[in-house]
Amino acid sequence: MLTILALASVVLLGIVPQQSEAIVIYTGWERHALVGSDIRLSCSFFSWRWTSDDVTFSWSYRPDGARDAISIFHYTGGAPYVDNKGPFRDRLEFVGNPGRRDGSILLKNLDYGDNGTFTCDAKNPPDIVGRASSVRLLVFEKVPIQAGVITGSIIGAVLGLLLLIVVIYYLMRFLVARRVFNLSVSKHGKKGKGKEGSQQRQIF
C-alpha cells in the first residue's frame, strides 16, 4: 500500500508543471549626460535558467513631473521594436545582446525634456516573476561634480595630512632617540678614557 502511494506521488509531481523562479533585473541608479550627447542605459538580469529563445525586454519612460509612464521600447520574438509615437521614436537604438542577457538601449541627441525615470523589465520564460528596475536620467548643460566626489577628495586630503603628521612624529622621535644615544655613547666614552688615564698614573 505504501509503495502504491509513493508511486502515485511521483506520478503526480511529474505531472504538475514546474513553477517559475524569480528573475532579478539590474540597471544603474542615476545617469548624468550633456545636452546633445548620447547615453547608454544598461539593463541586464540574473536567472537560474538558461537564456530562453523567448527572452523579452521592455523599457518605459516617465518624464519628471509626470504621474504616468509611457512605453518606448520592446524586444520580443528575437526582434526590437521602438514605439513610433513616443518622444524617442527617432532617437532610440537597441544596443543590447539578449543572448548575454543584455537589454541595453542607446538614447541619442539628449535634451532637457528627456529628464525622467527609465524602467526596464525582463522575462526569461519560465522565469517571469521579478521586479522591474529603474534608472534616473539627468540632462545638464554641464555635468556637475557629484557631491560624493567632493566628499571623497576632502576625506582623502584629511587622511593624507594625518598620515604626513604621523610620519613626521615618528621621524622626530627617531632623530631625538638617535641624538640621545650618541650623547650617551660619547659621555661613556669620555668616562672610560678618564679612568684609563688615572690607572696609568697610579701605575707609574
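Biologist: Which residues touch the most other members in the largest nonpolar core?

Modeller: In this predicted model, the largest nonpolar core has 26 residues, and W59, I72, I105, L107 and F118 touch the most other members. Two or more residues each come from β3, β5, β6, β8 (92–94), β9 (105–107), β10 and β11 (133–140).

Biologist: What makes a set of residues a nonpolar core?

Modeller: The members must be buried residues of nonpolar kinds, such as Ile, Leu, Phe and Trp, joined through side-chain atoms within 4.5 Å. The set of 26 residues that includes W59 and F118 is the largest such core.

Biologist: With which residues is I105 in contact, leaving aside its neighbours within four places in sequence?

Modeller: I105 is in contact with I39, R40, L41, W59, I72, F73, L92, E93, F94 and V95. Contact requires heavy atoms within 4.5 Å.

Biologist: Why is L137 called buried?

Modeller: The relative accessibility of L137 is 0%. The limit for a buried residue is under 20%, and L137 therefore counts as buried. L137 lies in strand β11. Leaving aside neighbours within four places in sequence, its contacts are R31, A33, I39, L107, L110, D114, N115, G116 and F118. The C-alpha atoms of L137 and G116 are separated by 5.5 Å, although the two residues are 21 residues apart along the chain.

Biologist: How many of the residues of the protein count as buried, as a percentage?

Modeller: The share is 23% of the 204 residues. The accessible surface comes to about 14800 Å², and carbon and sulfur atoms account for 62% of it. Among contacts between residues at least 6 apart in sequence, 61% join residues at least 24 apart.

Biologist: What makes the link of C43 and C120 a disulfide?

Modeller: The S to S distance is 1.9 Å. A disulfide requires two cysteine sulfur atoms within 2.5 Å, so the pair C43 and C120 qualifies. By this rule the count comes to one disulfide. The angle about the S-S bond is -75°, and the link is left-handed.

Biologist: What does the pair of C43 and C120 tie together?

Modeller: C43 lies in the loop between β3 (39–41) and β4 (44–46), while C120 belongs to strand β10 (residues 116–123), so the pair ties together parts that are 77 residues apart in sequence.

Biologist: Are C43 and C120 buried or exposed?

Modeller: C43 has a relative accessible area of 1%, and C120 has a relative accessibility of 0%. Buried means under 20%, so C43 is buried and C120 is buried as well.

Biologist: What is the pattern of the protein, read along the sequence?

Modeller: The pattern is α-β-β-β-β-β-β-β-β-β-β-β-α, with two helices and 11 strands.

Biologist: What is the order of strands in the open sheet of six strands?

Modeller: The order is β2-β11-β10-β5-β6-β7, with mixed pairing. At the edges stand β2 (30–34) and β7 (79–82); each has a single partner strand, so one side of each is left without a neighbour in the sheet. Neighbouring strands of this sheet are turned by 20° against each other on average, direction ignored.

Biologist: How do you know that β5 and β10 pair?

Modeller: Pairing requires at least two bridges. Strand β5 (residues 56–63) and β10 have eight bridges, in the antiparallel sense, and therefore pair. In β10, T119 is the bridge partner of S60. In β6, the bridge partner of S60 is S71.

Biologist: How many bridges join β5 to β6, and how many join β6 to β7?

Modeller: Five bridges join β5 to β6, which run antiparallel. β5 and β6 form a hairpin with six residues between them, and G65 in the turn has a positive phi of about 90°. Four bridges join strand β6 (residues 70–76) to β7, also running antiparallel. H74 has Y81 as its bridge partner in β7.

Biologist: Why are β3 and β8 edge strands in the sheet of three strands?

Modeller: The order of this open sheet is β3-β9-β8, with antiparallel pairing. β3 and β8 each have a single partner strand, so one side of each is left without a neighbour in the sheet. Neighbouring strands here are turned by 25° against each other on average, direction ignored. Three bridges join β3 to β9, and I39 stands opposite L107 in β9.

Technical notes: Residues numbered from 1 in each chain as written. Predicted model: local features only at pLDDT ≥ 70, side-chain atom pairs only at ≥ 80, totals over all residues. Heavy atoms only, no water. Buried < 20%, exposed > 50% of the residue type's maximum accessible area, 1.4 Å probe, protein only. Areas by Shrake-Rupley, 256 points an atom, 1.4 Å probe, with all protein chains shown as cover. Axes fitted to C-alpha atoms, helices over the stretch in contact; angles between N-to-C directions.
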